[in-house]
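Hello,

I am passing this structure on to you, as promised. Please have a look at it first, and then read my notes below.

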Amino acid sequence: MITQQNFWQHNKAVLMFALVALTMPLWFPLIGGYSGLDTKIMIFCIFVVGFDILLGFTGYLSFGHAAFFGISAYTTGIMLKNFSDNIIPAIIVAVAAATLVALIIGLLTLKRTGIYFSILTLAFAEMFDSMAMSMLQKWTGGENGLTGMPTPMLFDLKMQGDTVFYFCALMAILLYYLAKRIERSPVGLMMKAIKCNQTRLEYTGINARKYKLLAFVLSAMYAAVAGSLMVVYEPFVGHEFLGWHQSGEIVIMSVIGGVGTLVGPMLGAGFMLYFENVLSVSLGEQWLLVLGVIFMVVVIFMPGGFMEAVARLKKRFFTTIDGE
Amino acid sequence: MDMTLNAFTLSLLTGLQLGSIYVLIALGLTLIFGTLGVVNFAHGALYLIAIYLAVSINNALGFGLALILVPPILFVIGILLERGLIQRFYNRPHTDQILVTFGLAIVLQELLKWIFGANNIPFAIPSWGNGIIMLHDYLPFLEGFVVYPKWRLILVVVSIVTVAAVFALLHLTRFGLVIRAGMRDAEMLQFMGVNINRRFMIVFGLGAMIAGIAGVFGGPVTQVSPEVGMQLLVPSFLIVVIGGMGSLGGAVLAGILIGMAQSFTAPYIYINTIIIYLITVIILLVRPRGLLGAKGVFE
Amino acid sequence: MTDVKSEKTNHTAAGWSRRDVLKATSVGAVSAATPMFFTQNAWAEEAIGNYPVKGSEVVLGFNVPQTGAYADEGADELRAYKLAVKHLNNGGGMLDTLKPSKLTGNGILGKKVTYVTGDTQTNADASRTSARRMIERDKVIMVTGGSSSGIAIAQQYLCNELGIIFMCGLTHSNDTTGKDKQRYGFRHFFNAHMTGKALSPVLSNEYGKDRRAFHLTADYSWGHTQQESMQEFTEKEGWSTEGNIMTPLKTTDFSQYLSQVLNSDADVLILNHYGANMVNSLTNAVNFGMRDMQKNGKNLEVVVPLYSRLMAKGAGSANIDGVLGTSGWNWALEDEGSKVFVKAFSDEYGFPPSQAAHTCYVQTLLYANACEMAGTFYPPEVIKALEDFEFTGAGNGPTLYRGSDHQCIKDILVMQGKSPSARTSDFDYLQIVDQVAAKTVDYDPAIFGGELGPYVPA
């Protein structure tokens, strides 16, 4: 039996996120944001929440998640261009395609751990990037990117401006809620057990590989939804979507925010995109240098990212009260 | 395959010299990993510092001084880096090491860009190493006229000498013995009263110094712009992993393998562009610890 | 009349709904002396992009690479843009030489010109996000900049969707005004096709008609178009093509490809590379002795179809000495427009401008002039003013902004690398061999396909 109060308690984080996300068009411009950027932040929130299911829960660091993001984006673009301007079939086919690829790559790479896993995923993603740039450029548009899609439609609704923002925000809230549910479920516990001690888990007769694969594929599906939404948001696909910079950016977002907290990586995504597109302007040509320094400081002094800082502040605040 | 002996020889040499530059960079990377257990994503940036120093000194004071000065400067930079940053990460997860060194790589790259600009700085080959060698004069089986740049053959020789020196250091000296013991069991050495920390510091300096040597001889080949570090990092890293993390012999083998693969696939763009990743994937799936990796390391 | 007009351009954010227009029209019909003229303009001028422009200032968006490999080129573009803004607001520079010109030196349409900047990072996605910031937050009326074709095309599509005019910076691919051309995109810079047309006769003149070329080509859209054009036009001169190898864009060491060239019968090496690719492939070719070698009884020659000062500097004058290629413009040009621009730029920054700076400066002025000619910022009218606009006094001789594909047809420079001893300054790497007339490099826009699309975006 879930009482109303329990529901609030259980879903506090999701409701808070929903409030922040849905009111974004109101408060974001006050700090220099703009409507294209808030949509992109929502999309990357989806990407990093999914990434946290893999990195945060199971501890597997993928350097190749751009592959699923990019494959899904290209598929969406090709669907919109050649099949129908309705986004629903495009998103479904794109996510299905990326999931299939993730299943294959997951089966191959998850036999390995640690740095070998990271490098394998990197190699796969770079391979796709090189292929999109070269042998597949007839379909992907190569360096020039995939262009010439019609305005994406949700049945009769044009996906532009506020419409596309609220669509992405609702998807982000829904997928964050799902991630929370997964975290609390027995499956989520199994995934977290993999991070703690995989060998011990296997001694108990549990098939860890099954859960690793599930986490990997789930996170790839999140990446795929994000990749597909990128094309709904802007009918364009650049090969950069597949590149290792994109994978690296997701890792940086997650780390700056706080790996394993779900909400932390979303904070990280918001911060990174805000920094890259708003604060960078006042920093001029050296913005990347400043970002590099911030990133290093976080890794050195605050391995738990922003969430660790929040927790420390909280602790300090509450201990003072206790002291009184 | 329809290939003349001339073409085969040229491709072979090209593979060897492409491999040489990879080996020089991968060598420091794998030495640092094997000894300190640190995954150093900033190694490409160390090479970057080396080529900027080398080209600056070369243009102002000549190549000789660049050769004398750059490796020791890199040694000192390596030691400062180890003391100031890397040693804090010995007991942190590899993920954190990757992240902090990756951040460092961005910072160093952007700093150098700030100082020197984004455009390439031409690094001329010193006159004694300039020009081409008439291979047909030395190799009688070649038909007609076959040439190769002298500097690139020098680079191969430098690479071989450096590899040999590192092997000798590790296997023929007492310092090397302690280092190799430290790689196996650092705690035990501490108990025996060996100051392993100081030796680790020196190893990191050595790794940086090899990047310095690579920079002096590789600079005229890779040229000097801020992107070079990152461009070399990914292949070098793949080579370390293919060879087996921490295995010097593996790095050499993998470097030459990748160089050869890139050279022989040059006419076929579709394969050429993905060959390095394809090899990585196949080797790691078939032989998880890499070509010559020790069992149990990072598996 | 003028009062009504300025009120129109100052109209509030709500823009012009049809009812507003009807109201204004009826008021106009009663009160204005020339109702026909007014109504004709008014019915069309609904809100498009950031039109109408509010307030007393108009904002331009300069989106250039500030990080990544083209950062130096981007920095020079930004210098040119700032200079253009200065001249638009205060007069000077090419305002004195551009003909015909309605520029007053008092801003655009009486509004003071301001600007915002952004970093394309030479990344298509980043460049679009940056352009969006300018358009959605900073309310720019026009976006311009960029230093590579992929980035230009990506932004051109975005701007076209959003109803913002995009004035391309440095982009040389045939696609920009070919299959990817857009109603809202304009290119002043020349393209690969024109390079092939201009360069090939000079090559056959210098090196003879009986030559065998080997191409190394960067494996992306620009490289492909450059290679096709060079092959087409050198073969028209009687050359044969021995081979072409596509090189991955990420290549830094070209020795594996050069080995293939050495092993062929080719006696000319054509490097369809740009930026760092070109610096490396040319330097590597020199290392391989290819500039001191004989093949088929002739000197082996190296050709770099597209030259820029930064690339020449990056490769070093010893390596480019005598190498032929093309440029859009050079500061050594002696025409009035070039002279005033070089002077103004040098006075401001202490060194002469690059071709990227030139094209960006001219693009800004041409846009401003088109607004003045149209008498409004309303994009469809501005576009019509730019289309088939013929002008002189901006360097490159008489120039046509062709309406059918938004490509400028103008003189192209064939350039040759200077020897280290002939150089007079750190900015003097290339000398002009030939100024190929616009009519020689002109071509039928239909050969590249593509469609400009409607004046009012969907």
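A word on terms before the findings: helices (H or I, at least four residues) and strands (E, at least two) are DSSP runs, numbered from the N terminus. Please keep in mind that this is a predicted model, in which local features need pLDDT of at least 70 and side-chain atom pairs count only at pLDDT 80 or more, while totals for chains, interfaces and linings use all residues. Residues are numbered from 1 along each chain as its sequence is written, and chains are lettered from A and ligands numbered from 1 in the order in which they are written.

One helix pair is worth a look. H2(B) (residues 43–61) and H10(B) (residues 228–243) pack at about 135°, with axes 8 Å apart; axes are lines fitted to C-alpha atoms over the stretch in contact, and angles run from 0 to 180 degrees between N-to-C directions. Among the residues making the contact are Tyr47(B), Leu48(B) and Ile51(B) of H2(B) and Met230(B), Leu232(B) and Leu233(B) of H10(B); contact here means C-beta atoms, placed from the backbone, within 7 Å.

What does chain B do with its neighbours? Towards chain A, 29 residues of chain B are in contact with 27 residues of chain A. H4(B) gives the largest share of that side, 12 residues. The side divides into 21 nonpolar, 5 polar and 3 charged residues, where Ala, Val, Leu, Ile, Met, Phe, Trp, Tyr, Cys and Pro count as nonpolar, Asp, Glu, Lys and Arg as charged, and the others, Gly among them, as polar.

The contact with chain C takes 35 residues from chain B and 30 from chain C. Here H1(B) supplies the largest share, 7 residues, and the side of chain B divides into 16 nonpolar, 16 polar and 3 charged.

Best wishes

How values were computed: Contact = placed C-beta atoms within 7 Å.
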